Amino acid sequence: MTTEEIEAAKAESLKEIAEAADAAAVEGLRVKYVGRNGSIPALVKGLKDVPREDRPAFGRAVQAWRAAVEAALAEKAQAAPAARAAAIDSSLPGDWRRPGAMHPLSRVIEDTARIFARLGFTVADGPDIETRFNNFTALNTPAHHPSMDRADTFWLGPDALLRTQTSPVQIRTMMANKPPVRVICPGRTYRRDTTDATHSANFHQIEGLYVDEKPVSLADLKSTLAYFAREITGSDAGVRFRPHFFPFTEPSVEVDFTCHVCRGKGCAVCKQSGWIEIAGAGMVDPRVFKHVGWDPEKVSGYAFGFGVERIAMIKYGIPDIRWLYENDLRFLSQFA
Ligand code: DAH
């Protein structure tokens with residue numbers, strides 16, 4: 001080839017590259033011109049047969065050709081995505097991605113943590129496997145108490161059990177801190193219940209504890225729970241206290257919220273009372289303070305505990321507790 005012929009071949013190759021319709025055509029031209037057996041490497045191999053005096057000009061022409069072809073190929077490659085985008089038919093339906101949803105129990109726990117955070121409460125944690133001391137003894141629950149019965153508690157040994165309530169986190173919190181403490185403790189709890197529409201052997205509770213060196217009263221407890229009732233139900237629900245007994249509080253109360261169905265008027269759900277039972281609560285018993293080494297003359301506080309499932313079932317109108325554990329997407333996707 002003469003240098004003129006090289007110039008002509010170069011012009012032709014650049015035209016072909018510019019006109020290549022798709023990636024496959026561009027690749028074909030790359031192979032044809034600069035591939036291992038392409039025309040340009042062939043010319044380089046043939047350099048030794050060119051008369052010595054012509055070699056420099058010939059060599060420069062070949063290198064210029066190679067540079068031009070490589071630049072043209074690179075430019076074509078850059079333009080390719082735009083060409084591909086132009087080929088997308090935006091009228092076709094897109095890929096459907098199912099949005100994730102938070103489990104209703106997680107929602108209640110998160111909402112509760114957020115509501116109590118505004119009142120200065122932090123979240124405390126404890127293990128599912130507890131000691132007899134933390135779950136019962138320190139909570140002033142005597143050895144003969146019915147809740148310690150083999151029929152109610154999953155015992156793992158004489159001193160180890162699956163916690164029957166989140167109340168032992170009260171004990172852990174007080175033992176690890178100094179007053180004041182303000183915590184809520186969400187977690188799994190276990191009881192030897194037979195599963196039905198309203199019972200499960202494994203469920204969730206949220207415990208609350210506030211202890212301070214300044215006097216804490218039953219009125220403080222009531223105003224806190226009244227605020228919680230309104231915030232968690234998103235309504236103007238009120239609270240009512242009924243006298244009750246728990247070993248770890250004195251006095252103890254059961255806490256009712258205004259019935260979410262009839263708004264207090266009386267209906268079948270609330271058995272015409274206008275109220276539904278939500279939580280247990282009370283003022284921390286002095287004996288509990290003694291068990292954790294705090295002086296009951298110097299501190300006072302309140303505690304409360306409620307079931308997460310119960311709140312979720314009321315809040316979202318879920319009629320069967322088992323739906324919360326079956327991981328059926330037809331149920332769960334409704335919380336997206
Ligand atoms: N632990 C109790 C239960 O499982 C609920 C409870 C009642 C918690 C009164 C408390 C409380 O902190 O003060 O039934």
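The following legends describe close-up views of a predicted model. Local features are given at pLDDT of at least 70 and side-chain atom pairs only at pLDDT 80 or more, whereas totals for chains, interfaces and linings use all residues. Residues are numbered from 1 along each chain as its sequence is written, and side-chain values use heavy atoms, with hydrogens and water left out.

**View 1. Salt bridge between arginine 30 and glutamate 27 in helix H2.** A salt bridge is a side-chain nitrogen of Lys or Arg within 4 Å of a carboxyl oxygen of Asp or Glu. A search of the whole structure finds 17 of them. In this pair, the N to O distance is 3.0 Å. The two residues stand 3 residues apart in helix H2 (residues 23-34), and about one helical turn separates them. Helices (H or I, at least four residues) and strands (E, at least two) are DSSP runs, numbered from the N terminus. Arginine 30 is partly exposed at 34% relative accessible area, and glutamate 27 is partly exposed at 38%. Buried means under 20% relative accessible area, exposed over 50%, and partly exposed in between (1.4 Å probe, protein chains only).

**View 2. Salt bridges of arginine 97 and arginine 118.** Side chains of opposite charge can pair when their charged atoms come close. Arginine 97 meets aspartate 95 at 3.6 Å, N to O. Arginine 97 is exposed, with a relative accessible area of 62%, and aspartate 95 is exposed at 67%. Glutamate 231 and arginine 118 form a salt bridge at 3.0 Å, N to O. Glutamate 231 belongs to helix H8 (residues 218-233) and arginine 118 to the loop between helix H5 (104-117) and strand S1 (122-123), so the pair ties together parts that are 113 residues apart in sequence. Glutamate 231 is partly exposed at 35%, and arginine 118 is partly exposed at 49%. Elsewhere, salt bridges with shared partners join Glu110, Asp111, Arg114 and Lys315 into one network.

**View 3. The largest nonpolar core, of 43 residues.** A nonpolar core is a set of buried Ala, Val, Leu, Ile, Met, Phe, Trp, Tyr and Cys residues joined through side-chain atoms within 4.5 Å. In soluble globular proteins, nonpolar side chains tend to be buried together. The members that touch the most other members are Val255, Phe257, Ile278, Tyr302, Phe304 and Phe306. Helix H8 gives the most to this core, with 6 residues. Another core, of 19 residues, lies apart from the largest one and has Leu209, Phe248, Val292 and Val299 among its members. Not counting residues up to four places away in sequence, isoleucine 278 touches Val255, Asp256, Phe257, Phe306, Gly307, Arg310, Ile311 and Ile314; contact means heavy atoms within 4.5 Å.

**View 4. Buried residues of helix H10 (residues 308-316).** The buried residues are Val308, Glu309, Ile311, Ala312, Met313 and Ile314. They pack against H5, strand S5 (202-212), H8, strand S8 (275-284) and strand S9 (300-307). Just after H10, glycine 317 takes a positive phi of about 65 degrees.

View 5. A ligand nitrogen atom is 3.0 Å from an N or O atom in the side chain of serine 167. Ligand oxygen atoms take part in a pairing at 2.6 Å with a polar side-chain atom of glutamate 207 and in one at 3.2 Å with a polar backbone atom of alanine 303. Taken alone, the ligand exposes 350 Å², and the protein buries 90% of that. Accessible areas come from the Shrake-Rupley method with a 1.4 Å probe; for residues, only the protein chains shown count as cover. Polar contacts are pairs of N or O atoms within 3.5 Å; within protein, one must be able to donate a hydrogen and the other to accept it, and residues adjacent in sequence count only if both atoms are side-chain atoms.

**View 6. Two loop residues, threonine 166 and serine 200.** Threonine 166 lies in the loop between strand S3 (160-162) and helix H7 (168-176) and is buried at 0% relative accessibility. Its contacts, not counting residues up to four places away in sequence, include Cys185, Gln205 and Glu207. Serine 200 sits in the loop between strand S4 (181-190) and S5 and is buried at 9%. The side chain of serine 200 reaches the backbone oxygen of asparagine 202 at 2.7 Å.
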